[in-house]
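Please look over the sequence and the structure shown here before reading the briefing. The notes are arranged by topic, so that each can be checked against the model in turn.

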Amino acid sequence: MKVGFIGTGTMGQPMLANLVKKGFEVVAFDVVPGALDAAVRLGAGRAGSAGEAAANCDLVITMLPSSANVEAAYLGESGIIEKAPAGRLCVDMSTIDPGTSQRVAARLEERGIRFLDAPVSGGVGGATAGTLAIMVGGDAGDLEEARPALAAMGGNIIHVGAVGAGEVAKLCNNLISGSALIAVAEAFRIGEAFGVDPQILTNVIAKSSGGTWVMEHMHPVPGIVDSAASSRQYAPGFMTDLMAKDLALAVNAAREKRVPVAVAAAAQQLYRMASSHGLGREDFSAVYKFLKPSSDDAPV
Ligand code: NAD
């Protein structure tokens with residue numbers, strides 16, 4: 001099976017590398033020349049546009065930052081809709097708004113092009129190890145066709161429902177992990193302010209009701225978890241700007257369905273503020289740096 005891989009950034013590169021390792025032929029495209037060069041170094045062929053990659057393969061995979069990028073790659077100039085033949089199966093693994101997935105799928109369907117949304121969880125570590133969790137929305141038969149390629153990149157492949165449902169599951173997950181990381185950062189700032197050793201506090205919480213996956217794997221305090229971004233100057237990992245985007249998607253989805261969301265909305269604004277203060281390209285756990293206490297001279 002030949003895969004057209006569009007979007008060879010932080011996640012796309014290790015995912016593509018696993019496809020190559022498992023024997024898939026890959027033709028890649030990225031709008032940033034350096035990202036495309038990296039894909040070629042990993043063993044992919046080079047395409048001149050998203051449409052060209054989609055025309056010369058059996059299965060299209062996209063791994064792009066946001067809804068606007070997905071619309072551009074699929075529906076824009078020299079995009080997939082222009083060049084892919086009827087019947088082609090496309091799998092968008094980006095985290096985007098479920099409504100955009102449904103709109104793109106409907107436009108492609110007019111041309112007979114098939115579409116699955118299949119966002120992932122597990123970060124760069126999971127992408128490198130080929131153990132990503134993949135949540136899929138769309139036709140079950142199409143998923144079976146894409147499964148061998150998805151299995152080269154992920155461990156748990158879960159069919160959630162119709163097109164857009166994979167994105168809904170992803171937004172729900174990131175609403176929890178993004179909010180939980182803020183809670184962990186706030187808790188450790190309080191602990192430190194009272195002189196409690198962060199390692200001992202971690203040991204206590206890990207054995208208590210506050211224990212959480214993000215603390216165990218993405219601890220925001222440097223030096224506690226070796227593999228966490230905080231222990232390598234907050235190099236992503238998962239960028240603050242992407243977490244702000246995912247929480248915004250969750251808040252928008254909640255608004256659309258009239259679901260009240262207080263914690264997710266507050267967490268989203270904190271990531272946005274961290275981004276405004278220069279932390280947007282750092283790992284989202286860098287929000288801990290932003291949540292430092294104000295000076296002792298402050299009146300309260
Ligand atoms: P990234 O910005 O590192 O990579 C995305 C790549 O897409 C970039 O190289 C960019 O140049 C390219 N691109 C943008 N528009 C394009 C277009 N129209 N055509 C071709 N290429 C285009 O982002 P990433 O960290 O790899 O994340 C990709 C997606 O995966 C995002 O939706 C993100 O939310 C999601 N995700 C990321 C992580 C993570 O840990 N980084 C984890 C899970 C999910």
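This is a predicted model: local features need pLDDT of at least 70, side-chain atom pairs count only at pLDDT 80 or more; totals for chains, interfaces and linings use all residues.

A right-handed β-α-β unit is made by strand 1, helix 1 and strand 2, and 25 residues surround the ligand. Under the distance rule applied here, the count of disulfides comes to zero.

- The buried residues of helix 1 are Gly 12, Pro 14, Met 15, Leu 16, Ala 17, Asn 18 and Leu 19, and the helix is followed by Gly 23, which has a positive phi near 95 degrees.
- Strand 2, residues 25-29, is likewise largely enclosed by the rest of the structure, because four of its five residues are buried.
- Strand 2 also pairs with strand 3 (residues 45-46) in the parallel sense, over two bridges, and the bridge partner of Val 27 in strand 3 is Gly 45.
- Between strand 2 and strand 3 the chain passes through helix 2 (residues 33-41), and this β-α-β crossover is right-handed.

**Strands 8 and 9**

- Six bridges pair strand 8 (residues 132-137) with strand 9 (residues 154-161) in the parallel sense, and Leu 132 has Gly 154 of strand 9 as its bridge partner.
- The path from strand 8 to strand 9 leads through helix 8 (residues 140-153), and the β-α-β crossover formed in this way is right-handed.

**Surroundings of the ligand**

- Of the 25 residues that surround the ligand, the closest are Thr 10, Met 11, Asp 30, Pro 65 and Lys 245.
- The side chain of Thr 10 has an N or O atom 2.6 Å from an oxygen atom of the ligand, whereas at Thr 95 a backbone N or O atom lies 2.9 Å from an oxygen atom of the ligand.
- At Val 31 a polar backbone atom is 3.4 Å from a nitrogen atom of the ligand.
- On its own the ligand has 830 Å² of accessible area, and the protein covers 90% of this area.
- Helix 7 (123-129) and helix 12 (240-256) are the elements that give two or more residues to the shell around the ligand, with helix 12 providing the largest share, three residues.

**Cysteines**

- A disulfide is a covalent bond between the sulfur atoms of two cysteines.
- By the rule used here, which asks for a pair of cysteine sulfur atoms within 2.5 Å, the model has zero disulfides.
- Cys 57 is in no disulfide, since the nearest cysteine sulfur, which belongs to Cys 90, is 7.6 Å away; Cys 90 is likewise in no disulfide, its nearest cysteine sulfur being that of Cys 57, at 7.6 Å.
- Cys 57 counts as buried, with 6% relative accessibility, and Cys 90 is also buried, with a relative accessible area of 0%.

**Backbone sites to check by eye**

- The peptide bond that leads from Pro 236 to Gly 237 is cis, with omega near 10 degrees, and Gly 237 lies in the loop between helix 11 (213-218) and helix 12.
- Ser 78, although it is not a glycine, has a positive phi of about 55 degrees; Ser 78 is placed in the loop between helix 4 (67-75) and helix 5 (80-83), where it is partly exposed, with a relative accessible area of 27%.
- Arg 258 is another residue other than glycine with a positive phi, here near 60 degrees; Arg 258 lies in the loop between helix 12 and helix 13 (263-279), and it is exposed, with a relative accessible area of 75%.

Technical notes:
Residues are numbered from 1 along each chain as its sequence is written. Side-chain values use heavy atoms; hydrogens and water are left out. Buried means under 20% relative accessible area, exposed over 50%, partly exposed in between (1.4 Å probe, protein chains only). A crossover is right-handed if, with the strands pointing away from the viewer, the path from the first strand over the helix to the second runs clockwise. Two strands pair if DSSP finds at least two bridges between them. A residue is near a molecule or strand if one of its heavy atoms lies within 4 Å of it. A polar contact is a pair of N or O atoms within 3.5 Å; within protein, one must be able to donate a hydrogen and the other to accept it, and residues adjacent in sequence count only if both atoms are side-chain atoms. Accessible areas come from the Shrake-Rupley method with a 1.4 Å probe; for residues, only the protein chains shown count as cover.
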